[in-house]
Amino acid sequence: MDSTTNEAMEAGVAEKQDDSDSFIKVKSKKSRKRKLEQSDMDTGGPVASKRPQFPPISVDKLRGADQMRKVSVPAHRYTPLKENWLKIYTPIVENLQLQIRFNLKTRNVEIKTCKETQDIASLTKAADFVKAFILGFQVEDALALVRLDELFLESFDITDVKQLKGDHLSRAIGRIAGKGGKTKFTIENVTKTRIVLAETKVHILGSFQNIRMARTAICNLILGSPPSKVYGNIRVVASRAAERF
């Protein structure tokens, strides 16, 4: 009996060993990820690579082809343009190194870059300068667009603020201008801007913050606020802005 039990036990142990040999251990995902990360870190060393070398670009190729801007001139601005042409021509040609001409067929002022042009942004300055004069600003005021970078030009219609017709529209324009232009001059002096009233159009020249103050005052006048109240609001806002700076 003892011999038979011993043989059975040995047979069972042998079967267990065979079963253990037949099973394959499965590696955990964490160990796989760690090995992949280690391999990536090993291969992430400095790799010898040649940097592309390009020849330097000439100034002519960098500037590109000559660019042109056109500003249309309405009929009622032909005479002022002719009288002030020398004042407009001199800063654009001598200071900005651009070419300018008035095309009689298309009735446009054409501004073009040339070889002497150093800054491409001067084309935009010249176009804004001419556009400001065409809208009705004085040459001296419009010239500030060429000299200073933080000046802008904004235009809007009175009917965009409130739909007015007939006498109501005329009274709104009169409230903005004031008696002898007093209201308009007061808004200009307090907000340090320049304002042009052309029929139902309002054009404002100045810095961003000053344009916002002037536009708010004009909109309040259009909506019916009395000028005295508008003056007080402008002075309060202007004094706050002066304290900030």
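Predicted model: local features only at pLDDT ≥ 70, side-chain atom pairs only at ≥ 80, totals over all residues.

Modeller: Let us look at the sheet first, and then at the helices beside it.

Residues are numbered from 1 along each chain as its sequence is written, and side-chain values use heavy atoms, with hydrogens and water left out.

The sheet is open and has three strands, in the order β1-β3-β2, with antiparallel pairing. The strands at its edges, each pairing on one side only, are β1 (68–72) and β2 (99–103). From one strand to the next, the twist averages 20°. As a general point, strands of a sheet pair through backbone hydrogen bonds, either parallel or antiparallel.

Have a look at β2 and its partner β3 (residues 108–112): they pair in the antiparallel sense over five bridges. You can find N103 standing opposite N108 in β3. Helix α6 (residues 121–135) packs on the sheet and touches β1, β2 and β3, where contact means heavy atoms within 4.5 Å. The direction of α6 makes about 5° with that of β1; such angles run from 0 to 180 degrees between N-to-C directions, and axes are lines fitted to C-alpha atoms, for helices over the stretch in contact.

Now bring in helix α5 (residues 85–95), whose buried residues are I88, P91 and I92. Seen down the axis of α5, these buried residues fall within an arc of 95°, so they line one face of the helix. The arc is that of the directions from the helix axis to the C-beta atoms. Buried means under 20% relative accessible area, exposed over 50%, and partly exposed in between (1.4 Å probe, protein chains only). In general, an α-helix has 3.6 residues a turn, so residues three or four places apart point the same way.

On the face of α5 turned away from the buried side, you will see the exposed residues L86 and E94. The buried residues of α5, meanwhile, pack against α4 (78–83), β2 and α6.

How do α5 and α6 sit together? They pack at an angle of about 170°, and their axes are 11 Å apart. K87, I88, P91 and I92 of α5 make the contact with A126, F129, V130 and F133 of α6.

To put the picture together: I88, P91 and I92 are the buried residues of α5, and they also take part in the contact with α6, while α6 itself packs on the sheet.

Conventions. Pairing = 2+ DSSP bridges. Helix = DSSP H or I, 4+ residues; strand = E, 2+ residues; numbered from the N terminus.
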